[in-house]
Amino acid sequence: MSMIPELELNDGRSIPQLGFGVFQIDPAETAEKVAKAIEVGYRHIDTAQMYQNEEGTGQGIKDSGVSRDDIWLTTKLNNNNHEPEKVKASLEQSLEKLGMDAVDLFLIHWPLPGAYDGDYVSTWEAMIECREAGLAKSVGVSNFQTHHLEELASKTSVVPAVNQIEVHPYFANEDVRRYDQQHGIHTEAWSPIAQGGVLDDDTIKQIAEETGKTPAQVVLRWHIQRGDIIFPKTNTPSRMEENFDLFDFQLSKDHEILIDRLDKGADGRTGPHPDEFNVIPD
């Protein structure tokens with residue numbers, strides 16, 4: 001079994017660099033998929049209140065037979081729970097669904113700058129209180145731009161442990177990644193293969209041929225070598241194994257440069273822009 005690297009966070013804890021994401025996995029199938037991922041060797045599971053599959057995630061961890069202490073578990077605050085008085089209660093509900101006493105990491109899922117009078121700072125302060133109460137061992141954010149992070153820094157003293165943002169070869173998101181790095185925030189990359197969009201790229205396929213690896217493995221290895229934390233999502237056991245098999249090869253510097261050149265800037269974004277996304281579910 002490959003050894004997954006661990007990265008030290010700014011709060012002194014260590015996080016596995018490779019994980020398994022359950023975004024868009026049917027709640028009825030989540031327990032089975034999570035248990036299988038853990039059997040393959042994953043020890044980092046990423047879910048969210050918004051995904052509506054926390055219960056299956058927790059069940060899958062139990063079914064795996066692996067000690068809870070050996071699993072890094074992340075969940076995220078839903079967009080309708082941003083009021084400070086709702087944050088702790090929503091996490092307690094998540095913990096009940098997960099069957100856990102605490103999560104390893106709790107993230108604000110979106111900054112929602114056009115909602116709640118643009119106040120995500122008080123939401124962050126409530127997240128910090130969750131950490132202090134022992135309900136979340138680490139806290140961070142997701143989809144925060146540099147100006148959102150600067151707002152937190154100017155008004156609070158706790159730096160997010162991670163910032164989970166869209167990153168892939170077509171959208172390297174370098175400005176945010178650079179800010180994160182300069183301020184001791186680890187970048188987690190969601191949609192690391194651009195929902196499969198980069199796998200047919202001629203450059204990626206050529207590097208795959210040269211390395212004897214699949215296009216997905218090439219792209220995921222590129223993330224690993226850049227220092228991104230990644231958690232590719234798949235329903236297929238063979239793909240789980242493929243995505244896990246990243247640590248017996250290395251991309252050359254020339255390969256890295258070729259992939260870096262695929263960046264399309266803002267045109268490569270596949271998801272919503274954090275400055276414009278303000279959707280609050282009923």
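This is a predicted model: local features need pLDDT of at least 70, side-chain atom pairs count only at pLDDT 80 or more; totals for chains, interfaces and linings use all residues.
Biologist: What is phi of L112 near?

Modeller: Most residues other than glycine have a negative phi. L112 is a residue other than glycine, yet its phi is positive. The value is near 50°.

Biologist: Is L112 buried or exposed?

Modeller: Buried means under 20% relative accessible area. L112 has 1% relative accessibility, so it counts as buried.

Biologist: A194 also has a positive phi. Where is the place of A194, and is it buried or exposed?

Modeller: Phi of A194 is near 55°. The residue sits in the loop between β9 (186–190) and α7. Its relative accessibility is 7%, so A194 counts as buried.

Biologist: Let us turn to the rings. How many aromatic pairs does the structure hold?

Modeller: A pair of aromatic rings is described by the distance of the centres and the angle of the planes. Ring centres must lie within 6.5 Å to pair. The structure holds 5 aromatic pairs.

Biologist: What kind of aromatic pair do F20 and Y42 form?

Modeller: Their centres are 5.8 Å apart. The angle between the planes is 55°. Planes under 30 degrees apart count as stacked and over 60 as edge-to-face, with the rest tilted. The F20 and Y42 pair is therefore tilted.

Biologist: How many residues apart in sequence are the parts that F20 and Y42 tie together?

Modeller: F20 lies in strand β3, residues 20–21. Y42 lies in the loop between α1 (27–40) and β4 (44–46). So the pair ties together parts whose separation in sequence is 22 residues.

Biologist: What kind of pair do the rings of Y42 and F244 make?

Modeller: The centres are 5.1 Å apart, and the planes stand at 65°. Over 60 degrees counts as edge-to-face. So the pair of Y42 and F244 is edge-to-face.

Biologist: How many residues apart in sequence are the parts tied together by Y42 and F244?

Modeller: Y42 is in the loop between α1 and β4. F244 is in helix α9, residues 237–244. So this pair ties together parts that lie 202 residues apart in sequence.

Biologist: Which residues of α9 are buried, and what covers them?

Modeller: The buried residues of α9 are M240, E242, N243 and F244. Their cover includes β3, α1 and α8 (215–226).

Biologist: The charged end of which residue sits over the ring of Y170?

Modeller: The charged end is 4.1 Å from the centre of the Y170 ring. It belongs to K264.

Biologist: At roughly what angle do the axes of α2 and α3 cross?

Modeller: Helix α2 covers residues 54–64 and helix α3 covers 84–98. E54, E55, T57, G58 and K62 in α2 meet S94, K97 and L98 in α3. The axes come within 7 Å and cross at roughly 45°.

Biologist: Which residues make the contact between α4 and α5?

Modeller: α4 and helix α5 (residues 146–155) pack at about 65°, with axes 10 Å apart. The crossing is right-handed. The contact is made by V121, W124 and E125 of α4 and E151, L152 and K155 of α5.

Biologist: Which residues does R269 touch, not counting residues up to four places away in sequence?

Modeller: R269 lies in the segment after α10. At 19% relative accessibility, R269 counts as buried. With residues up to four places away in sequence left out, R269 touches Q145, E166, F171 and P274.

Terms used
Residues are numbered from 1 along each chain as its sequence is written. Side-chain values use heavy atoms; hydrogens and water are left out. Rings of Phe, Tyr and Trp (its six-membered ring) pair if their centres lie within 6.5 Å; planes under 30 degrees apart count as stacked, over 60 as edge-to-face and the rest as tilted. Helices (H or I, at least four residues) and strands (E, at least two) are DSSP runs, numbered from the N terminus. A charge sits over a ring if NZ of Lys or CZ of Arg is within 6 Å of the ring centre and within 35 degrees of the ring normal. Axes are lines fitted to C-alpha atoms, for helices over the stretch in contact, and angles run from 0 to 180 degrees between N-to-C directions. Contact means heavy atoms within 4.5 Å. Buried means under 20% relative accessible area, exposed over 50%, partly exposed in between (1.4 Å probe, protein chains only). A crossing is left-handed if the near helix is turned anticlockwise from the far one by less than a right angle, and right-handed if clockwise.
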